[in-house]
Amino acid sequence: MTNIQSINEIVNLPDNSSVVISGGIGEIRRIPTLKDPTKFLQVGFIKDLSGEVEFVVFDKVRKKYNSLIKPGKKVIITGMYNKREDKAPYIIVKDIMPFYENLYKELYYKNFKKLTSKVNLEKDM
């Protein structure tokens, strides 16, 4: 996975750039598609500490990640950043993952335990 970018960092990227951002999902709207009103897309906002950006999730991706596309959920979004003169920039979502803060703590403590046991073993020698 590429580095996670802040929303502030992606605003200067060229059109159709690949992005990976994390943040909390805000307001979401469900809209029927023009081609097939039985299919839906979701439009919403994701916010991080640097700002917010609109995202669009098409039906196929929406069905796969429906449980993660909820207001208040913390997620990592991978997608394409789009700029148009007639609209605000937005991200077309390709993939969504839950954001686990505890995972980072767990990895840190595992590495910390390994390091401290190694130091203690060297001390005993």
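Ala, Val, Leu, Ile, Met, Phe, Trp, Tyr, Cys and Pro are counted here as nonpolar, Asp, Glu, Lys and Arg as charged, and the others, Gly among them, as polar. The model is predicted, so local features need pLDDT of at least 70 and side-chain atom pairs count only at pLDDT 80 or more, whereas totals for chains, interfaces and linings use all residues. Residues are numbered from 1 along each chain as its sequence is written, and side-chain values use heavy atoms, with hydrogens and water left out.

**Figure 1. Overview of the protein.** The protein has three helices and five strands, in the order α-β-β-β-α-β-β-α from the N terminus. Helices (H or I, at least four residues) and strands (E, at least two) are DSSP runs, numbered from the N terminus. Of the 125 residues, 32% count as buried; buried means under 20% relative accessible area, exposed over 50%, and partly exposed in between (1.4 Å probe, protein chains only). The accessible surface comes to about 8900 Å², and 56% of this belongs to carbon and sulfur atoms. Accessible areas come from the Shrake-Rupley method with a 1.4 Å probe; for residues, only the protein chains shown count as cover. Among contacts (heavy atoms within 4.5 Å) between residues at least 6 apart in sequence, 50% join residues at least 24 apart.

**Figure 2. The largest pocket.** This pocket holds about 160 Å³ of space. On a 1 Å grid over the protein atoms alone, a pocket is an open set of points where a 1.4 Å probe fits, with protein on both sides within 12 Å along at least five of seven lines; lining residues have an atom within 4 Å of a point. Grid points are joined across faces, edges and corners, and the volume is the space filled by probe spheres set on the points. The lining consists of Arg29, Leu41, Val43, Glu54, Val56, Phe58, Lys87, Tyr90 and Ile92. By class, six of these residues are nonpolar, none is polar and three are charged. Strands E2 (40–48), E3 (51–57) and E5 (87–98) each supply at least two lining residues, and E5 gives the most, with three.

**Figure 3. Glu54 in the pocket lining.** Glu54 lies in strand E3 and is one of the residues that line the largest pocket. Glu54 counts as buried because its relative accessible area is 19%. Leaving aside residues up to four places away in sequence, Glu54 touches Arg29, Val43, Gly44, Phe45, Pro89, Tyr90 and Ile91.

Figure 4. A polar atom of the Thr33 side chain is 2.6 Å from the backbone oxygen of Asp36. The side chain of Asp36 makes a polar contact with the side chain of Thr38 (2.6 Å). A polar contact is a pair of N or O atoms within 3.5 Å; within protein, one must be able to donate a hydrogen and the other to accept it, and residues adjacent in sequence count only if both atoms are side-chain atoms. Asp36 counts as partly exposed because its relative accessibility is 27%. Not counting residues up to four places away in sequence, Thr33 touches Lys39, Phe40 and Leu41.

**Figure 5. Asn16 and its backbone angle.** Asn16 is found in the loop between helix H1 (7–10) and E1. Its phi is positive, about 65 degrees, although Asn16 is not a glycine. Most residues other than glycine have a negative phi. With 46% relative accessibility, Asn16 counts as partly exposed.
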